[in-house]
Structure formats: structure tokens, C-alpha cells
Amino acid sequence: MKGAYTGKMLLVDLDTGRVAAEGAEEGLLRRYIGGRGLGARLLYDRLPAGTEPLSPENVLVLTTGALTGTASLFSSRTNITTKSPLTGMICMGNCGGFFGPELKFAGFDGAIITGRARELSYLWIHDGQAELRACEPLRGRSCPETESELQRATDRKSRVLCIGPAGELQARIACLYGDHRFVGRGGTGAVLGSKNLKGIVVRGTLSNSLGVVEPEGFREIIAQEMKLFRENAFFQEWRQYGTPYIVSPMNKLGLLGTRNYQSGECSFHEQINGEALLKKFVVKKITCHRCPVACISLAEVKDGEYAGAHCRGPEYETIYAFGSDCGVSSLPAVIRADQLCTEYGMDTISAGNICAFAMELYERGILSDRDTDGLALRFGNHRAMIELLTRIGRREGLGRLLGEGVLRAAQAIGRGAEAFALQVKGLELAGYDPRGAKSQALAYATSPRGGCHHTGYAEAELFDPTFDRFTTRGKAALTVANQNKSCMYDSTGVCAFPTQLGVIDQDTMARLLLAATGFSELGTKEGLEEVGERVFNLERLFNWREGMKPSQDSMPGRFLREPLAVGGSAQQVVELEVLLAEYYQKRGWTSEGRPTEGLLRRLEL
Ligand code: SF4
């Protein structure tokens, strides 16, 4: 195997406890690079069609990108792919930090995990070896406690991905935690819980064995990346504020989801924006492997009702979900909510959406005090939000149902609740109102994992003031390009932010990959565009195979029929039919949204 890959995948059978190494297939790496692309391919090939996501037969695929762990800037990403218990479709997520590089330094490009352990266990991977170890005493322990206990039991320098109580109890909004990061929206934490797998711990000291094919050329490109980074004015803001930097700009555009998306404008945005956070609560900045930005904040509440609350972030999406969307103007309450999600191991976007959904149902009389066990779930009631979140994490009372996600909860509640469940394909919506950004709307509607902002992020609409956000013209082509780019970059092992902000464009990435791997297929912009298109279509094929219906390229009725009343996107709705028809055509799909035989042949699928 050439260059930056270790050339080995770890196979783990939890039923028997057997672990083995398998050679990574060079042909797959040339066609899918690694990370998200390789994860999708391995899941498609190894998961029997129709598998129940919370059964032992579900497959969990951990992958790193070709550049993960190398000297390239921003090369920190680890990808996790499985079948989602929330959507029944593909579930892929990636996180920064140091886990992925450590996995490579331990001698593996990734791991494929199947089966269910007999007792609560963790997987310990270290320098070319791996073993399954029992850890029943960790049952019920929070994510940060689990992380430090697993480090104590193995190696203080090890890196951990683990679940908390919500994952053990198989809440469908549970995710993974490690290194102050969450990963795996869509219920990845529940999949680990169903497998009796409390965590994955990795320690590697073989970093010297990881090389690149053309070291000199590789170093030169990195020097150019660094120059571009230093010249990029926006990065200086980014470094200071991180993602909360965009709270007020999104509000100005009328895109900041507010009160369960009843509005895109939040009257108290200045109380929850990046400046407010930095001024009073940020205590430290942290970074990821080989990243000069350090955009991640650690925040702490020093006084008042939530004194002692602390969290990583909160990121923009978390501030939207627990702040504006729940009508909560208290940053300390948002920090406490983020902390609870960290402890229980829950996705903050889904959890915040669920609270906002429950608040709207309560205010409309669809949920009564009896349903909520006396919780007055009004917008802005941060104490009720915090209590509800605790019940979701523990799966108690109404929290048990809400932990299933807004779609299942709405179907169980009935009485018209579905109209207020803001999700796509079952995954709760991220923090950009689709009515005021038509490419972002299309990206939500067609994302393989549901209401996700990342898989087709429409940065031109969100950050270029000269760009026409409201027109539908040209948005199909823009969305296709953004989605393909996201698939490609997520396969390389590099963080998305510098790619969205122009420090790494596709030409630079092609040169980096060629120097790192020597694979000529990855050495041109056109080659990378084809990889992106291949990965997106493969994820689509997976969803079709698992029973996706054409009607699931959809959007909640609120966005289609209720124009925003005020703000920077007033009077806008999503013209989904027009957008979708052009999008299917641009993709080369049938009018039902199926990839055609000719397209699949061209993409070697
Ligand atoms: S930009 Fe932020 S998230 Fe991305 S690698 Fe750097 S610190 Fe990590």
C-alpha cells in the first residue's frame, strides 16, 4: 500500500470477541479515497439489505481519510458510518480532534464492527493489536466520566469515542462523544448501545511508519496552505469566535430558526451570539490535529443559577437549537443544556429541536400538563427545557418518547403533532431556515442523512451578500456541486471549514492527495469531482435499497406553505417541486429521483 494509508482495516466480531486485520483494498481507496466514501462503500457491501438498525447485524464502519494523521493542515477527521435507527437510512458523521490520527498511528485505516457483545464492553486498539474488554461498572456513566475511566484503564494518552446513558438506553438521538466532540447525528450512539459497546479506545505510537509518496512536494503544498490561511481575514474572526460568530449574521438574513421555526428572526440574538459568549463565558480555546485555527471554545458559567455549568462550545447549531429555537435568551442555560447532552451522549441539534417541538405542542394545547408531568413547556422557559432534557437523557416519562426523535414522537402523540415536527427523513433540522436560502432547502430535502446542514452547505447563500438567496434559478446545479464537494472532502480526512472558506480548494486537494498517495485518479480536480459524485450516488443507492420512498425528498409543510412574516427572509417559502425537478435532472436521475443505469455505469457503481 502506498503512502499515507496504513493499508489495514480492523475487523471486530462482537458476538465472538474475535478481532483480525484485513488488507485495505487499493481499488476501493482509488475510487473512494477513505473517510465518508470508503465508509459508504463498506457499509453498502457488508450490511445485508433490510437490516434492523438496532440489531446485532447492523454494521458500524470507522474510517479515516487519506490525509488523516499526516502533516497536512486540518487533517484530523474520523468518519463513522452505519444504518441510522432514526431515519432507517445511511448515517455518516465525522469529527475532528485526535482520534483518527491516533487510529492511524496504531496501524489501522479503520475498523468494521459487527455483532453484539455478551456484556458491556469496550474495544481497546493499540499498536497493531486490538481486544475486547468487559466494562460493566461503567454502565450508566456519563461520556466524560467514561472517557477518563477508559483512559485510566488503558493509557493516559489514549483517545476515546464513547457513549453515555442515552446510547446505552438506545435513544435514537444518541451520538458518540470523545475529545470534547460529538459525532454521529442519527443515532450512532444507540447503535453502539445495541451492540453493548460502551466505547472505542485507541493508542498508537507508530506515527513514523505513516509516510507520503512525495514528501518534498507535500511539504511545499502545506507551506502554501499556511500562507493562504494567514492571509485569510475571515479565519482571524473564526479563530476568535468559532461557529457562534454567525449567530447575528444569520439572524440578519432572517435564517436563525426561532421558536420551532415560527420565525427566522430572534429578538434577543445579541444575548446569545459569539460576542456575548466570548465576553463572559469562554475560558479556553482548543484545537484539532495539525490545525492552526483552534476554533473550538470551552465555556464555563461562573455565577448565577447555572454557576458551574460548562461545555465545549456551544457551537452555532447548539445555540440555535437550545437558544433561539426554544426561545431561551439565557446563554448559561444553553451551556447547561450542552453539558447535559455531553453527559448523556445526545446530539444537541436533535435534542434542542425536540424541546422546541414539545414547547410548540404544549403552547398549542396538543400536550397537556398531564402529558408533561407538570412541566410548563412554554417557549423561553429554560428551567422546563433543562428538566425535559434530563428526562430525555434518562428516558423517563415523556422523555422516553421524545428520545425517539420528533417524527416518531409526533406519530405517537397524534392530534396534528406531525405538522410541528421539523425534520427531513426523520432527522431534525439544523439551524438555517430553508425559506430564505433555496439551495440550503434543496440540500436539506435531498441529503442522504436527512435534515443535515453539512452535506451540501450553501455557503454562497449564507455568506455572500451579493448572492441571490431567494431565486430558485441555478440552485439545482449549485446544490449538486456543494453536495459532491462535501462527499469528496469528507473522504479526505480534512476539516470542512477550511474547504468552505477557500484555504483548500479542489486543485490544492488534488495535489495534496497525489503527493500523499501517488494515486493518479485522485490527482486532478476532475478526478475528485467524480469521486464526490460517486459517493453521493452510492449513498442514494443505499437509501433506495433500504426502502426510501420518493416522497421522502421532502420538507415540513411549515417551510412550504407558511411564509416568514418578518425579517431578512420575509414572505419567502420553499418552492420545492420546482427545485426538485431541476435537481433530479441535473443529477441524471429519473423523475422519481432514482440514479439511472447509465449514470451508475459511468460512476462504476
Ligand atoms: S477549524 Fe476548528 S474544527 Fe476544524 S480542524 Fe481546526 S479547530 Fe478543528
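Trainee: How many salt bridges does the rule find across the interface of domain 1 and domain 2?
Mentor: Remember first that this is a predicted model. The rule finds two salt bridges across that interface. R172 and E404 form a salt bridge, with their closest N and O atoms 3.0 Å apart.

Trainee: How is the size of an interface often given?
Mentor: As the accessible area lost when the parts come together. Here, domain 1 and domain 2 bury about 2,500 Å² between them. Of that area, 60% is on carbon and sulfur atoms.

Trainee: Which residues of domain 1 lose the most area to domain 2?
Mentor: I173, F182 and R185. Together they account for 26% of what the domain 1 side buries.

Trainee: How many residues are in contact on each side?
Mentor: Domain 1 has 34 residues in contact with 32 residues of domain 2.

Trainee: And how many residue pairs are in polar contact between domain 1 and domain 2?
Mentor: The count is 18, with both residues of a pair at pLDDT 80 or more.

Trainee: Which elements give two or more residues to the domain 1 side?
Mentor: α3 (99-105), α4 (143-153), α5 (165-168) and β11 (181-183). α5 gives the most, with three residues.

Trainee: Now a single residue. Is D347 buried or exposed?
Mentor: Compare its relative accessibility with the cut-off: buried means under 20%. D347 is at 5%, so D347 counts as buried. D347 sits in the loop between α12 (331-344) and α13 (348-363).

Trainee: What is D347 in contact with, leaving aside neighbours within four places in sequence?
Mentor: I173, C175 and R185. Two names return here: I173 and R185 were also among the residues of domain 1 that lose the most area to domain 2.

Trainee: Let me try another loop. Why does Q572 count as buried?
Mentor: Because Q572 has 15% relative accessibility. Q572 lies in the loop between α23 (557-561) and α24 (576-587). Not counting residues up to four places away in sequence, Q572 touches R435, K438, F470, E562, P563 and L564.

Definitions and conventions. Residues numbered from 1 in each chain as written. Predicted model: local features only at pLDDT ≥ 70, side-chain atom pairs only at ≥ 80, totals over all residues. Heavy atoms only, no water. Contact = heavy atoms within 4.5 Å. Buried area = accessible area lost by both parts, 1.4 Å probe. Salt bridge = Lys/Arg side-chain N within 4 Å of Asp/Glu carboxyl O. Polar contact = N/O pair within 3.5 Å; in protein donor to acceptor, adjacent residues only side chain to side chain. Helix = DSSP H or I, 4+ residues; strand = E, 2+ residues; numbered from the N terminus. Buried < 20%, exposed > 50% of the residue type's maximum accessible area, 1.4 Å probe, protein only.
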